[in-house]
Amino acid sequence: MGIYFYIFIFLIGLSAGSFFNVIIFRFNTRKGIVKGRSECLNCGSIIRWFDLIPILSYFILRGRCRECRKKISLLYPVVEISTAITLLLLFLNTPNVSHLTALSAFIILLLILVIFLDVRYFIIPDRILALSAIAAVGLKLLTDATDFSYLLISALGLTSFFAILYIISKGRWIGFGDIKLIFLIGFLLGYPMGYLSIVAAVWIATMFSIALLVTKRATIKTEIPFGAFLSATTIIFIIYDHELQEIAKYFQ
Ligand SMILES: [Zn+2]
């Protein structure tokens, strides 16, 4: 693939990130996602099209609203850049780009959205999980020699362990949204990769929590966006599938 293809992918990623910002900032507000022009969250002035260019506008405006000079959240460019880079990494790391890569890209985009919504609201919307599940089933149907019973058993095995934690803790250690996400990951990655992805997420989330506790930025009761960690490790497992399979062989 040539340089223009990757520039195109990067631009697609920026646009997707820009759309995610609309979803993230309008989530749980009365405004619809598709309807309505973008406006400043502070002064309500309509943001004109030339101030809506991903990344560029943020830096041209030096992170402030053109009208009221109120600071624009740094989350806007962060969402745009991280979405674009993640998508680019997937395509750079895929030797034979096909329609399957497009489906993987779609699933990764949804997982990125899960990360930001879980971090900000501690919610994993069912609609996003449903879309991801449809894309995952589509991906497996189009992949040669998919063993559906093996994938479902992997998903059920993983989910049952965390469902027990959910029941014991009455939903305090793990949310029901996380359980549904774990089922999706189990189906998507199978055993042992889905298992390793979730173990990695648990480890990273635990170290993150300990760091917060030690620096007194959190108490034992502080909620952790576990779904964000699950999504992040799964994205890494999808992008670096081949490399991680090689490493996993040493543990078999
Ligand atoms: Zn303003």
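Predicted model: local features only at pLDDT ≥ 70, side-chain atom pairs only at ≥ 80, totals over all residues.

Colleague: Where does Ala-16 lie?

Modeller: In helix α1, residues 3-26.

Colleague: Is Ala-16 buried or exposed?

Modeller: Buried. Ala-16 has 23 other C-beta atoms within 10 Å, and the cut-off for buried is 20 or more.

Colleague: And what separates Ala-16 from Glu-80?

Modeller: Along the chain, 64 residues.

Colleague: Switching topic. Which domains does the assignment give?

Modeller: Domain 1 covers 1-92, and domain 2 covers 124-252. Their centres, taken over C-alpha atoms, are 28 Å apart.

Colleague: What does UniProt list for 106-209?

Modeller: The unreviewed UniProt entry lists residues 106-209 as "domain: Prepilin type IV endopeptidase peptidase". That is the record's label. In the model, the span is 82% helix and 0% strand. Its end C-alpha atoms lie 30 Å apart.

Colleague: Where does UniProt place "transmembrane region"?

Modeller: The unreviewed entry puts that feature at residues 6-27, 74-92, 98-117, 148-169, 181-204 and 224-240.

Colleague: How much helix is there over 6-27?

Modeller: Residues 6-27 are 95% helix and 0% strand. The end C-alpha atoms there are 31 Å apart.

Colleague: And over 181-204?

Modeller: That stretch is 88% helix, again with 0% strand. Its end C-alpha atoms are 17 Å apart.

Colleague: What sits around there? Start with α7 and α8. At what angle do their axes cross?

Modeller: Roughly 140°, and the axes come within 7 Å. Helix α7 is residues 176-189 and helix α8 is residues 193-214.

Colleague: Which residues make the contact?

Modeller: On α7, Ile-182, Ile-185, Gly-186, Leu-188 and Leu-189. On α8, Met-193, Gly-194, Ser-197 and Ile-198. By class, the α7 contact with α8 has 6 nonpolar, 3 polar and no charged residues.

Colleague: What about the loop between α7 and α8? Which residue has its place there?

Modeller: Pro-192 is in that loop. The peptide bond from Tyr-191 to Pro-192 is cis, with omega near 10°.

Colleague: Noted. Now α7 and α9. How do they run relative to each other?

Modeller: Their axes cross at roughly 10° and come within 10 Å. Angles under 35 degrees count as roughly parallel, so α7 and α9 are roughly parallel to each other. Helix α9 is residues 226-239.

Colleague: Who makes the contact on each side?

Modeller: From α7, Gly-177, Asp-178, Leu-181, Ile-182, Ile-185 and Leu-189. From α9, Phe-226, Gly-227, Leu-230, Thr-234 and Phe-237. By class, the contact of α7 with α9 has 7 nonpolar, 3 polar and 1 charged residues.

Colleague: Back to α8 for a moment. Is Ala-200 buried, partly exposed or exposed?

Modeller: Ala-200 is in helix α8. It is partly exposed, with 18 other C-beta atoms within 10 Å.

Colleague: How many residues apart are Ala-200 and Ala-232?

Modeller: They are 32 residues apart in sequence. C-alpha to C-alpha, Ala-200 and Ala-232 are 9.9 Å apart in space.

Colleague: And Phe-161? Where is its place?

Modeller: In helix α6, residues 148-168. Phe-161 counts as partly exposed, with 13 C-beta neighbours inside 10 Å. The C-alpha atoms of Phe-161 and Glu-223 are separated by 21 Å, and the two residues are 62 apart along the chain.

Conventions: Residues numbered from 1 in each chain as written. Axes fitted to C-alpha atoms, helices over the stretch in contact; angles between N-to-C directions. Helix = DSSP H or I, 4+ residues; strand = E, 2+ residues; numbered from the N terminus. Contact = placed C-beta atoms within 7 Å. Nonpolar A, V, L, I, M, F, W, Y, C, P; charged D, E, K, R; others polar. Domains from an automatic or database assignment. Buried ≥ 20, exposed ≤ 12 C-beta atoms within 10 Å, placed from the backbone. Parallel < 35°, antiparallel > 145°, perpendicular 65-115°, else oblique. UniProt positions renumbered as here; feature names shortened; annotations may be inferred.
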